[in-house]
Amino acid sequence: MNTTWTSMTPPARDPISAAGWVRVILRALALIVLVFGGLVVLLIVRLVEQPLYGLERPLTPHITTTVCRGALRILGLTHVVRGTPMQGRGAVVANHSSWLDIFALNAAKRIYFVSKSEVASWPGIGWLARATGTVFIERNPARAREQTEIFSARLLAGHKLLFFPEGTSTDGLQVLPFKTTLFQSFFAPELKHEIAVQPVTVIYHAPAGKDRRFYGWWGDMSFGTHLLTTLAPAHQGKVEVIYHAPIPVAQMANRKALALACETSVRAAHPSAGT
(Lines give C-alpha, C1' and ligand atoms only; values in the text may rest on other atoms or scores of the structure.)
Protein backbone atom coordinates (compact mmCIF):
# COMPACT_ATOMS: atom_id res chain seq x y z
CA MET A 1 0.00 0.00 0.00
CA ASN A 2 1.34 3.40 -0.94
CA THR A 3 -1.04 5.48 1.16
CA THR A 4 -3.47 4.91 4.00
CA TRP A 5 -7.09 5.92 3.71
CA THR A 6 -8.41 7.51 6.90
CA SER A 7 -11.75 8.58 8.33
CA MET A 8 -12.40 11.20 10.98
CA THR A 9 -15.26 9.14 12.41
CA PRO A 10 -14.27 5.49 12.99
CA PRO A 11 -17.13 3.15 13.97
CA ALA A 12 -17.90 2.69 17.63
CA ARG A 13 -16.89 -0.72 18.95
CA ASP A 14 -19.39 -2.25 21.38
CA PRO A 15 -17.95 -3.95 24.49
CA ILE A 16 -17.60 -7.70 24.04
CA SER A 17 -19.96 -9.66 26.29
CA ALA A 18 -19.05 -12.83 28.16
CA ALA A 19 -20.78 -14.90 25.47
CA GLY A 20 -18.92 -12.87 22.86
CA TRP A 21 -15.58 -13.74 24.45
CA VAL A 22 -16.49 -17.42 24.34
CA ARG A 23 -17.18 -17.08 20.61
CA VAL A 24 -13.90 -15.20 20.14
CA ILE A 25 -11.90 -17.96 21.82
CA LEU A 26 -13.65 -20.85 20.04
CA ARG A 27 -13.49 -19.21 16.61
CA ALA A 28 -9.88 -18.10 17.07
CA LEU A 29 -8.78 -21.61 18.07
CA ALA A 30 -10.67 -23.13 15.14
CA LEU A 31 -9.10 -20.64 12.72
CA ILE A 32 -5.60 -21.31 14.03
CA VAL A 33 -6.02 -25.06 13.63
CA LEU A 34 -7.56 -24.69 10.17
CA VAL A 35 -5.14 -22.12 8.74
CA PHE A 36 -1.88 -23.50 10.10
CA GLY A 37 -3.01 -27.10 9.68
CA GLY A 38 -3.80 -26.28 6.07
CA LEU A 39 -0.39 -24.64 5.74
CA VAL A 40 1.35 -27.81 6.91
CA VAL A 41 -0.62 -29.92 4.42
CA LEU A 42 0.12 -27.43 1.65
CA LEU A 43 3.86 -27.47 2.33
CA ILE A 44 3.93 -31.26 2.33
CA VAL A 45 2.04 -31.45 -0.97
CA ARG A 46 4.25 -28.71 -2.42
CA LEU A 47 7.33 -30.89 -1.77
CA VAL A 48 5.93 -33.30 -4.36
CA GLU A 49 4.22 -30.75 -6.59
CA GLN A 50 7.20 -28.45 -7.14
CA PRO A 51 9.66 -30.97 -8.65
CA LEU A 52 6.91 -32.47 -10.81
CA TYR A 53 5.24 -29.30 -12.08
CA GLY A 54 7.64 -26.43 -11.35
CA LEU A 55 5.92 -23.05 -11.49
CA GLU A 56 2.54 -24.62 -12.18
CA ARG A 57 0.50 -25.53 -9.10
CA PRO A 58 -2.28 -27.98 -10.03
CA LEU A 59 -2.76 -29.31 -6.48
CA THR A 60 -2.02 -26.80 -3.73
CA PRO A 61 -4.51 -24.12 -4.89
CA HIS A 62 -7.35 -26.46 -3.93
CA ILE A 63 -5.99 -26.61 -0.39
CA THR A 64 -5.94 -22.82 -0.11
CA THR A 65 -9.48 -22.48 -1.45
CA THR A 66 -10.77 -25.14 0.95
CA VAL A 67 -9.11 -23.45 3.93
CA CYS A 68 -10.57 -20.04 3.03
CA ARG A 69 -14.06 -21.46 2.63
CA GLY A 70 -13.70 -23.16 5.98
CA ALA A 71 -12.49 -19.92 7.59
CA LEU A 72 -15.60 -18.07 6.42
CA ARG A 73 -17.79 -20.83 7.85
CA ILE A 74 -16.00 -20.61 11.19
CA LEU A 75 -16.51 -16.85 11.22
CA GLY A 76 -20.16 -17.34 10.33
CA LEU A 77 -19.82 -14.86 7.47
CA THR A 78 -22.17 -15.72 4.60
CA HIS A 79 -20.27 -15.86 1.30
CA VAL A 80 -22.16 -15.08 -1.92
CA VAL A 81 -20.52 -15.31 -5.34
CA ARG A 82 -22.06 -13.70 -8.42
CA GLY A 83 -20.72 -13.90 -11.94
CA THR A 84 -18.09 -16.34 -13.15
CA PRO A 85 -14.35 -16.34 -12.41
CA MET A 86 -12.51 -16.31 -15.74
CA GLN A 87 -10.96 -19.52 -17.01
CA GLY A 88 -8.31 -18.04 -19.30
CA ARG A 89 -4.97 -16.53 -18.34
CA GLY A 90 -4.92 -13.15 -16.68
CA ALA A 91 -5.06 -11.01 -13.56
CA VAL A 92 -7.78 -9.96 -11.14
CA VAL A 93 -8.35 -6.53 -9.59
CA ALA A 94 -10.74 -5.69 -6.76
CA ASN A 95 -11.70 -2.98 -4.33
CA HIS A 96 -10.18 -3.39 -0.88
CA SER A 97 -11.98 -3.12 2.46
CA SER A 98 -10.38 -5.49 4.94
CA TRP A 99 -8.03 -8.36 5.72
CA LEU A 100 -11.17 -10.47 5.23
CA ASP A 101 -10.77 -9.91 1.47
CA ILE A 102 -8.09 -12.61 1.51
CA PHE A 103 -10.63 -15.24 2.55
CA ALA A 104 -13.51 -13.86 0.50
CA LEU A 105 -11.56 -13.75 -2.77
CA ASN A 106 -9.69 -17.03 -2.32
CA ALA A 107 -12.84 -18.92 -1.35
CA ALA A 108 -14.37 -18.54 -4.82
CA LYS A 109 -11.36 -19.09 -7.05
CA ARG A 110 -7.68 -19.61 -6.31
CA ILE A 111 -5.71 -16.45 -6.87
CA TYR A 112 -2.22 -15.28 -5.95
CA PHE A 113 -1.96 -11.92 -4.24
CA VAL A 114 0.47 -9.19 -5.24
CA SER A 115 1.73 -7.51 -2.07
CA LYS A 116 4.32 -5.03 -0.92
CA SER A 117 7.66 -6.62 -0.05
CA GLU A 118 7.41 -5.65 3.64
CA VAL A 119 4.64 -8.21 4.18
CA ALA A 120 7.12 -11.06 3.59
CA SER A 121 8.82 -10.23 6.91
CA TRP A 122 5.63 -10.02 9.00
CA PRO A 123 5.43 -12.83 11.60
CA GLY A 124 2.80 -15.41 10.75
CA ILE A 125 1.23 -13.53 7.86
CA GLY A 126 4.53 -13.40 5.97
CA TRP A 127 4.97 -17.16 6.25
CA LEU A 128 1.45 -17.79 4.98
CA ALA A 129 1.92 -15.34 2.13
CA ARG A 130 5.16 -16.94 0.94
CA ALA A 131 3.80 -20.47 1.23
CA THR A 132 0.69 -19.65 -0.81
CA GLY A 133 2.63 -18.09 -3.68
CA THR A 134 2.19 -14.36 -3.04
CA VAL A 135 4.17 -12.12 -5.41
CA PHE A 136 6.11 -9.48 -3.46
CA ILE A 137 6.95 -6.18 -5.13
CA GLU A 138 9.13 -3.23 -4.18
CA ARG A 139 8.34 0.39 -4.92
CA ASN A 140 11.68 0.75 -6.65
CA PRO A 141 11.84 1.88 -10.31
CA ALA A 142 15.20 0.15 -10.68
CA ARG A 143 13.47 -3.22 -10.20
CA ALA A 144 10.50 -2.55 -12.48
CA ARG A 145 11.87 -4.69 -15.32
CA GLU A 146 12.62 -7.61 -13.00
CA GLN A 147 9.15 -7.46 -11.47
CA THR A 148 7.53 -7.35 -14.91
CA GLU A 149 9.42 -10.53 -15.81
CA ILE A 150 8.11 -12.20 -12.64
CA PHE A 151 4.55 -11.12 -13.49
CA SER A 152 4.94 -12.47 -17.01
CA ALA A 153 6.22 -15.86 -15.88
CA ARG A 154 3.45 -16.30 -13.34
CA LEU A 155 0.63 -15.09 -15.60
CA LEU A 156 1.75 -17.19 -18.56
CA ALA A 157 1.89 -20.20 -16.23
CA GLY A 158 -1.80 -19.69 -15.59
CA HIS A 159 -1.59 -18.01 -12.18
CA LYS A 160 -4.34 -15.48 -11.49
CA LEU A 161 -2.48 -12.57 -9.88
CA LEU A 162 -4.66 -10.26 -7.81
CA PHE A 163 -3.91 -6.76 -6.63
CA PHE A 164 -5.87 -3.88 -5.12
CA PRO A 165 -5.47 -0.83 -7.38
CA GLU A 166 -6.86 1.55 -4.74
CA GLY A 167 -3.56 1.08 -2.91
CA THR A 168 -5.21 0.91 0.51
CA SER A 169 -8.19 -0.53 2.35
CA THR A 170 -11.26 1.58 3.20
CA ASP A 171 -14.46 1.47 5.24
CA GLY A 172 -16.11 -0.56 2.49
CA LEU A 173 -18.67 2.13 1.66
CA GLN A 174 -16.79 3.53 -1.34
CA VAL A 175 -14.39 2.76 -4.16
CA LEU A 176 -11.27 4.93 -4.41
CA PRO A 177 -9.72 5.91 -7.77
CA PHE A 178 -7.57 3.11 -9.16
CA LYS A 179 -3.84 3.73 -9.35
CA THR A 180 -2.44 2.81 -12.76
CA THR A 181 1.18 1.82 -12.05
CA LEU A 182 0.86 -1.97 -11.89
CA PHE A 183 -1.39 -2.06 -14.95
CA GLN A 184 1.65 -1.16 -17.07
CA SER A 185 3.10 -4.65 -16.53
CA PHE A 186 0.21 -6.17 -18.47
CA PHE A 187 1.29 -4.34 -21.62
CA ALA A 188 4.60 -6.20 -21.86
CA PRO A 189 4.92 -7.60 -25.43
CA GLU A 190 4.76 -11.20 -24.26
CA LEU A 191 1.58 -10.55 -22.21
CA LYS A 192 -0.52 -7.96 -24.01
CA HIS A 193 -2.17 -10.36 -26.45
CA GLU A 194 -2.28 -13.33 -24.07
CA ILE A 195 -4.15 -12.15 -20.98
CA ALA A 196 -7.22 -10.35 -19.73
CA VAL A 197 -7.94 -8.52 -16.48
CA GLN A 198 -11.09 -9.38 -14.54
CA PRO A 199 -12.59 -6.69 -12.28
CA VAL A 200 -14.21 -7.90 -9.07
CA THR A 201 -16.44 -5.99 -6.66
CA VAL A 202 -16.37 -7.02 -2.99
CA ILE A 203 -19.28 -5.81 -0.85
CA TYR A 204 -19.63 -6.33 2.91
CA HIS A 205 -22.97 -6.25 4.71
CA ALA A 206 -22.66 -5.63 8.44
CA PRO A 207 -24.42 -7.79 11.05
CA ALA A 208 -27.92 -6.58 11.94
CA GLY A 209 -27.81 -3.52 14.16
CA LYS A 210 -24.09 -2.84 13.58
CA ASP A 211 -22.39 0.10 11.88
CA ARG A 212 -22.36 -0.34 8.08
CA ARG A 213 -18.56 -0.06 8.23
CA PHE A 214 -18.29 -2.98 10.66
CA TYR A 215 -15.97 -5.09 8.47
CA GLY A 216 -13.88 -2.21 7.13
CA TRP A 217 -10.27 -1.99 8.31
CA TRP A 218 -8.36 1.18 7.55
CA GLY A 219 -6.03 3.92 8.73
CA ASP A 220 -4.31 3.16 12.02
CA MET A 221 -6.88 0.62 13.23
CA SER A 222 -5.34 -2.11 15.35
CA PHE A 223 -5.49 -5.50 13.66
CA GLY A 224 -5.92 -7.24 17.02
CA THR A 225 -8.87 -5.10 18.06
CA HIS A 226 -10.53 -5.46 14.66
CA LEU A 227 -10.03 -9.24 14.74
CA LEU A 228 -11.62 -9.56 18.18
CA THR A 229 -14.57 -7.40 17.16
CA THR A 230 -15.07 -9.48 14.02
CA LEU A 231 -14.99 -12.79 15.89
CA ALA A 232 -17.43 -11.77 18.65
CA PRO A 233 -20.95 -11.39 17.11
CA ALA A 234 -23.46 -14.20 17.53
CA HIS A 235 -24.85 -13.44 14.08
CA GLN A 236 -22.52 -12.29 11.33
CA GLY A 237 -23.23 -10.40 8.14
CA LYS A 238 -22.52 -11.23 4.52
CA VAL A 239 -19.85 -10.67 1.89
CA GLU A 240 -20.65 -10.58 -1.82
CA VAL A 241 -17.99 -11.23 -4.44
CA ILE A 242 -19.11 -10.10 -7.89
CA TYR A 243 -17.09 -11.16 -10.95
CA HIS A 244 -17.39 -8.91 -14.00
CA ALA A 245 -16.58 -9.62 -17.63
CA PRO A 246 -12.82 -9.96 -18.22
CA ILE A 247 -11.23 -7.11 -20.19
CA PRO A 248 -8.66 -8.23 -22.82
CA VAL A 249 -5.54 -6.12 -22.37
CA ALA A 250 -5.02 -5.91 -26.16
CA GLN A 251 -8.30 -4.00 -26.50
CA MET A 252 -7.09 -1.16 -24.27
CA ALA A 253 -4.93 1.70 -25.52
CA ASN A 254 -2.74 2.00 -22.42
CA ARG A 255 -2.56 1.40 -18.68
CA LYS A 256 -4.76 4.39 -17.85
CA ALA A 257 -7.54 3.18 -20.13
CA LEU A 258 -7.34 -0.33 -18.66
CA ALA A 259 -7.35 0.95 -15.08
CA LEU A 260 -10.34 3.19 -15.78
CA ALA A 261 -12.29 0.37 -17.44
CA CYS A 262 -11.66 -1.89 -14.43
CA GLU A 263 -12.55 0.85 -11.95
CA THR A 264 -15.77 1.60 -13.83
CA SER A 265 -16.87 -2.06 -13.66
CA VAL A 266 -16.04 -2.38 -9.96
CA ARG A 267 -17.69 0.91 -9.07
CA ALA A 268 -20.89 0.23 -11.06
CA ALA A 269 -21.75 -2.83 -8.92
CA HIS A 270 -20.83 -1.20 -5.60
CA PRO A 271 -23.54 0.29 -3.34
CA SER A 272 -21.78 3.65 -3.54
CA ALA A 273 -22.64 3.87 -7.24
CA GLY A 274 -26.01 5.42 -6.43
CA THR A 275 -24.62 8.14 -4.16
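**Helix packing and a buried histidine**

Reply: Helix α2 (residues 60–75) packs on helix α3 (residues 101–108) at an angle of about 125 degrees, and their axes lie 8 Å apart. The model is predicted: local features need pLDDT of at least 70, side-chain atom pairs count only at pLDDT 80 or more, and totals for chains, interfaces and linings use all residues. Residues are numbered from 1 along each chain as its sequence is written, and side-chain values use heavy atoms, with hydrogens and water left out.

Me: How are α2 and α3 oriented to each other?

Reply: Angles under 35 degrees count as roughly parallel, over 145 as roughly antiparallel, 65 to 115 as roughly perpendicular and the rest as oblique. α2 and α3 are therefore oblique.

Me: Which residues of α2 and α3 meet?

Reply: Contact means heavy atoms within 4.5 Å. From α2, T64, T65, C68, R69, A71 and L72 meet I102, F103, A104, N106, A107 and A108 of α3. The residues of this contact comprise 8 nonpolar, 3 polar and 1 charged.

Me: Is H270 buried or exposed?

Reply: Buried means under 20% relative accessible area, exposed over 50%, and partly exposed in between (1.4 Å probe, protein chains only). H270 has 3% relative accessibility and therefore counts as buried. This residue is found in the segment after α7 (255–268).

Me: What lies 3.2 Å from a polar atom of the H270 side chain?

Reply: The backbone oxygen of G172 lies at that distance. Leaving aside residues up to four places away in sequence, H270 touches several residues, including N95, Q174 and T201.

Technical notes. Axes are lines fitted to C-alpha atoms, for helices over the stretch in contact, and angles run from 0 to 180 degrees between N-to-C directions. Helices (H or I, at least four residues) and strands (E, at least two) are DSSP runs, numbered from the N terminus. Ala, Val, Leu, Ile, Met, Phe, Trp, Tyr, Cys and Pro count as nonpolar, Asp, Glu, Lys and Arg as charged, and the others, Gly among them, as polar. A polar contact is a pair of N or O atoms within 3.5 Å; within protein, one must be able to donate a hydrogen and the other to accept it, and residues adjacent in sequence count only if both atoms are side-chain atoms.
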